[in-house]
Amino acid sequence: MKTEFIVSDMTCNHCVQTITRAVQGVAPDAAVQTDLAAHRVTIESSADAAALQAAIADEGYDVQPG
């Protein structure tokens, strides 16, 4: 299942790495793609979208369904 989020405060590669680690902490098999310019995170995973969103939010990011 593909899930998309807008992370408005994702501004650098460190943010991308942190978000990827957070997502893979919930769903180790998740494929994470990011578009830094568009602040978009696309996740291919069978994990629950709410759990993925919570993992990103727990890292301090403003994350909204995309």
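There are zero disulfides by the distance rule used here, a sulfur-to-sulfur cut-off of 2.5 Å. Cys12 is in no disulfide, and its nearest cysteine sulfur, that of Cys15, sits 3.6 Å away. Please keep in mind that this is a predicted model.

- Cys12 is partly exposed, at a relative accessible area of 31%, whereas Cys15 is buried, at 7%.

**Helix H1**
- H1 covers residues 13-26, which makes 14 residues.
- The buried residues in H1 are Cys15, Val16, Thr18, Ile19, Thr20, Ala22 and Val23.
- Their cover includes strands E1 (2-7) and E2 (31-35), together with E3 and H2.

**One salt bridge**
- Searching the whole structure turns up one salt bridge.
- Arg40 and Glu4 are the partners, and their closest N and O atoms are 3.0 Å apart.
- This pair joins distant parts of the chain, since Arg40 belongs to strand E3 and Glu4 to strand E1, 36 residues apart.
- As a general point, side chains of opposite charge can pair when their charged atoms come close.
- Are the two partners buried or partly exposed? Arg40 is partly exposed, with a relative accessible area of 28%, and Glu4 is partly exposed too, at 33%.

**Ser45 in its loop**
- Ser45 lies in the loop that runs between strand E3 (40-44) and helix H2 (49-58).
- With 6% relative accessibility, Ser45 is buried, because the cut-off for that label is under 20%.
- A polar atom of the Ser45 side chain lies 3.0 Å from the backbone nitrogen of Ala47.
- Which residues does Ser45 touch, leaving out those up to four places away in sequence? They are Met1, Ala27, Asp29 and Ala30.

Technical notes
Residues are numbered from 1 along each chain as its sequence is written. This is a predicted model: local features need pLDDT of at least 70, side-chain atom pairs count only at pLDDT 80 or more; totals for chains, interfaces and linings use all residues. Side-chain values use heavy atoms; hydrogens and water are left out. Buried means under 20% relative accessible area, exposed over 50%, partly exposed in between (1.4 Å probe, protein chains only). Helices (H or I, at least four residues) and strands (E, at least two) are DSSP runs, numbered from the N terminus. A polar contact is a pair of N or O atoms within 3.5 Å; within protein, one must be able to donate a hydrogen and the other to accept it, and residues adjacent in sequence count only if both atoms are side-chain atoms. Contact means heavy atoms within 4.5 Å. The expected span of a helix is 1.5 Å times one less than its number of residues. A salt bridge is a side-chain nitrogen of Lys or Arg within 4 Å of a carboxyl oxygen of Asp or Glu.
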